[in-house]
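This report describes the fold of one protein chain for a reader who is new to structural description. Please keep the sequence and the structure in view while reading.

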Amino acid sequence: MNGDELISHKLDNKKEDNKDTIPISEATKTTQEQIDALVSKIGYDVKNINDITGIVTEYEQLASTKKEEIDSEIISLNAAIDFSKTDAETQIKEKITDLNEKSIENQKLYNDQVISASEKLESSINIFENRISTVKNVSKSIFKKYLVSLVILALVTVLSVFVCTYTDVPNDYIIFLLLFSQLSIMISLLLSIIELSTKNNIETKVELNDLSGNKKSLKELQIPEIDTNISIEKRGTLQSHINTTKDILNSFLLIAGESIPLIKSVYTEINLLVKYEQLVNNFVSAMDYYNIAVNVNYFNKVTGQVPADIRLMDTEDYWKNSIAEKISKNIEQENIEASKEIILLLYGEHNGFDTKSLFWKISGLEYEFESLSQILISSGKLVEMGNFNTYTSKDITSVLKANDNFNISEINNLLSKSIRLSSYLFSYVEFLANNNIQVNTYPDIPFVVNETKNSDDKFENQIIRLSYKIGKIALSSYYSGEFLDGFVRASISLKYHDEMLLREISCKCSGNNHSTAIIKTYHEKYKENNGQSLISLYDLITNIDQIKANLEKSNEKDFIHLRTHLKEGRWFDNTMSLMIDLMKEQHEETKELLSKAHNYQLLIKIIKETFTNVNIGTVDKAIDSQIFGAYIIMIKKGYGNLLPLVDVLSKLDIEKSNQDRIRKKTQKVISKNYILYKIRPKYDFVAFADNARIGILKEGQSFLDFQDEFLKDMERILLEAKPNLKSGLIIQRISPSKYSFGILDDNNLPGSINLKNLDIAKYITQLVGDYVPVEKQMVISGLDRDINLFEVIKNKKISELLRQENDNLDGIEINALDSHNFHETFIKEITMLGSDDIVSLSLDLYNGDIEKEDVRLVFQNIISNLYSNTEGLKNKSKKRSTIITNRLCSVLEDLGLLCNWYLN
């Protein structure tokens, strides 16, 4: 029986008795368990290409190791067999007895080695049985898929030809379609033939039944017991067994060698498929993220097998382009189109790849940005606009153009900032519209993005800058004069001063004279109508003369105070808050200033005299600063006289008081009234007209509290007096100004007409003179540039300037100092010192422009001459002239201090 017959015989026996097994060593059992574990992994329970790579690599290493072990065993076995045969022949010739003994030993050695080799060979055969079974199953699956693909492609081709035939499709396209279809069919047939050939090759070269038969033969292969009477003729049986063993081993090695390339081929196929499926899944994930609807059936088809072009071009860039192009053609979403480049861009951004070069590639194509904008709007991945608004393609396109890369986070950041900035600008546009100013600029997202894309300014600076641009364009249609910039700046301050973020910067925007004049006018007009209606920018534009008048007063303290605080980023809602702040700030300043004066009483007299001459506008400011208040009592005449009963409540002598001088009631009058009406006077008011009384409220006194108390006191008087009258009384708080009071004078009337000067400001300042501290009177006087502190000083006689409390100036000295001749000499000497008058001399002395000693020497000389040439003063000329000269220099220094404050 030759080797092939022996193999066939052993395989047949294996089929008959498949349950027989040969014991294997512990090491072989361990190897078998490792192989079984690997085989169990080779199924379809794998998650990615790394799993497959690791399993196959592990299997190849194990198979390689086992093959080396088997090769080593075969070599050892062949060597042992050859040695045993030679030794047996030699021993038979020499000694039959020795042959029997050696044969028994050789039998045992041979059988042990054959058993060991057969066990290891059986283990390897089991491995290949399982692997070949797996390969055949995979091959069948691939063949079926190619066959189905071929059928579907054929049907699609027939249908396409049918459609092209009965529709207006160009002939070139039909020819292309037919060629493409034929080429696709040929490629599919070729791949099917390859798969079928591979399958047949496996079935031809690797017959599992043959392997099973060989495995059984190996189990049964043992050297029979050697007869002690063996003859030389029985060597043919031994040789046959040896040849059979060699044939089985050679067959096994041949099958194993041919199977390994096939396994590697299957591994490559599975590896390629998994990599491709993973890439497709990444694209699918990106499309799902951006909410792009793609043909699901197409994806199922793609992920089932590796397309032919992917097999031919095994590069990742080609794969990505191929997948992106196919997805681009299979979008099933209305109004959504996406080129291959956009699909790649979305894929790259979603998976964290650099998209800069690809983004630059499409940046010059308007239609690409349009498509990308629609995708982003539909994706739901953009920040919400709020107020139920939606994005337009123009919005998103402008944002895309402002970026140099495609990054959804950066896009949303820019959108958030633009939306917020746009909302501020829209509120400014609405503010202008409410102020009767029409705006044609639309501050939407594209406007904001285009205006800020190259700007590194802070957010609040961008708001002010863009508001200025919008405001200037709008207001220039209504006004184009010197105040245009001022109007724009003032509008920004008026709009944003209530915004915590923008209060400081918006106020600073108006820190110049023109804007301050406009805001000051706004406050004045707001007060003029008692806050009953808003003052619009259009109203201010139509009252440009009032703004110009305020600009001319830019050196007044309240104007300077407002402008300074605007520059510092502070806002005053009205003139009252402005004046309260000004009074609070300057009160301490003037208090400290006056404390430095040596001739305090003189300065007080000058300040009080100046205060009583302020105009009605300055009185209005003082009332706004809540230093005092004012009211008017009006009586309606009937029969009887209510006024005398009203006058009982005043502390002032109504008959003897007027706008130039206020007189208090005597104690005698007060006592008499108390006996009659059981009440003492407690209010400060005087006659303003025949049926009107004007009075003042002290600082901090509430008008409501005053009127309640006053009316109750009037009830007490009426209950005591019980007069028979029919009359009426009203009390009204007033804030006199040129906008609320008009006084008729006789300046332009004939001499026969004489009108009483009802200077309400004079009345009020006379009334409050004893209640308002001199420091605050000084502040109020400084607000009025219509009166001239300098004139008050220049009109003072020299004796009035030199006279002090408990002064010892006698009548002769006063007459000499106030004489016309001395006054002319005095002014002449001032001129010689380089000054124009006593005010300028005091300022020069205070500012150090002239030396005090030079002034003292000049005045010492003229005063000494005055006393030497005046009867009654000659005997004290030297001593008194020195005293008077020193006192005059001290007065001049204090006057310089006061004048300097007034100027600044």
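The sections below go from the whole chain to its helices, cores, strands and loops.

## Overview of the model

The structure is a predicted model. The secondary structure of the protein comes to 38 helices and four strands. The chain has 904 residues, and buried residues make up 46% of them.

The contacts also describe how the chain is folded. Among contacts between residues at least 6 apart in sequence, 76% join residues at least 24 apart.

## Two crossing helices

Helix α15, residues 408–434, and helix α17, residues 459–475, have axes that come within 10 Å and cross at roughly 35 degrees. The crossing of α15 and α17 is right-handed.

Both helices contribute several residues to their contact. On the side of α15 these are Lys417, Arg420, Leu421, Tyr424, Leu425, Tyr428, Val429 and Leu432. They meet Phe459, Gln462, Ile463, Leu466, Ser467, Ile470, Gly471 and Ala474 in α17. Sorted by class, the contact of α15 with α17 holds eleven nonpolar, three polar and two charged residues.

In soluble globular proteins, nonpolar side chains tend to be buried together. The largest nonpolar core in this model has 49 residues, and of these Phe826 and Phe859 touch the most other members. Helix α38, residues 877–903, gives the most to this core, with eleven residues. When neighbours within four places in sequence are left aside, phenylalanine 859 is in contact with Phe826, Ile830, Leu841, Thr885, Leu888 and Leu892.

Helix α11, residues 340–350, is mostly covered, with nine of its eleven residues buried. The buried residues of α11 are Glu341, Ile342, Ile343, Leu344, Leu345, Leu346, Tyr347, Gly348 and Glu349. Glycine 352 follows α11, and its phi is positive, near 80 degrees.

Helix α23 is likewise mostly covered: eight of its eleven residues are buried. Threonine 564 and asparagine 512 are 52 residues apart in sequence, yet their C-alpha atoms are 8.8 Å apart in space. Just after α23, glycine 569 takes a positive phi of about 85 degrees.

## A pair of strands

Strand β2, residues 685–689, and strand β3, residues 692–697, pair in the antiparallel sense over four bridges. A hairpin of two residues joins β2 to β3. Alanine 689 has alanine 692 in β3 as its bridge partner, while alanine 687 stands opposite arginine 693 in β3.

In a regular strand the side chains alternate between the two faces of the sheet. In β3, Ala692, Ile694 and Ile696 point one way, and Arg693, Gly695 and Leu697 point the other way. Are the residues of β3 buried or exposed? Six of the six residues of β3 are buried.

## Loop residues with a positive phi

Most residues other than glycine have a negative phi. Asparagine 291 takes a positive phi, near 60 degrees. This asparagine lies in the loop between α7, residues 235–289, and α8, residues 296–302. Asparagine 291 is partly exposed because its relative accessible area is 43%, a value between the limits of 20% and 50%.

Lysine 722 likewise has a positive phi, near 50 degrees. The place of lysine 722 is in the loop between α29, residues 703–721, and β4, residues 726–734. Why does lysine 722 count as exposed? The relative accessibility of lysine 722 is 69%, and exposed means over 50%.

Notes. Residues are numbered from 1 along each chain as its sequence is written. This is a predicted model: local features need pLDDT of at least 70, side-chain atom pairs count only at pLDDT 80 or more; totals for chains, interfaces and linings use all residues. Side-chain values use heavy atoms; hydrogens and water are left out. Axes are lines fitted to C-alpha atoms, for helices over the stretch in contact, and angles run from 0 to 180 degrees between N-to-C directions. A crossing is left-handed if the near helix is turned anticlockwise from the far one by less than a right angle, and right-handed if clockwise. Contact means heavy atoms within 4.5 Å. Ala, Val, Leu, Ile, Met, Phe, Trp, Tyr, Cys and Pro count as nonpolar, Asp, Glu, Lys and Arg as charged, and the others, Gly among them, as polar. A nonpolar core is a set of buried Ala, Val, Leu, Ile, Met, Phe, Trp, Tyr and Cys residues joined through side-chain atoms within 4.5 Å. Buried means under 20% relative accessible area, exposed over 50%, partly exposed in between (1.4 Å probe, protein chains only). Two strands pair if DSSP finds at least two bridges between them.
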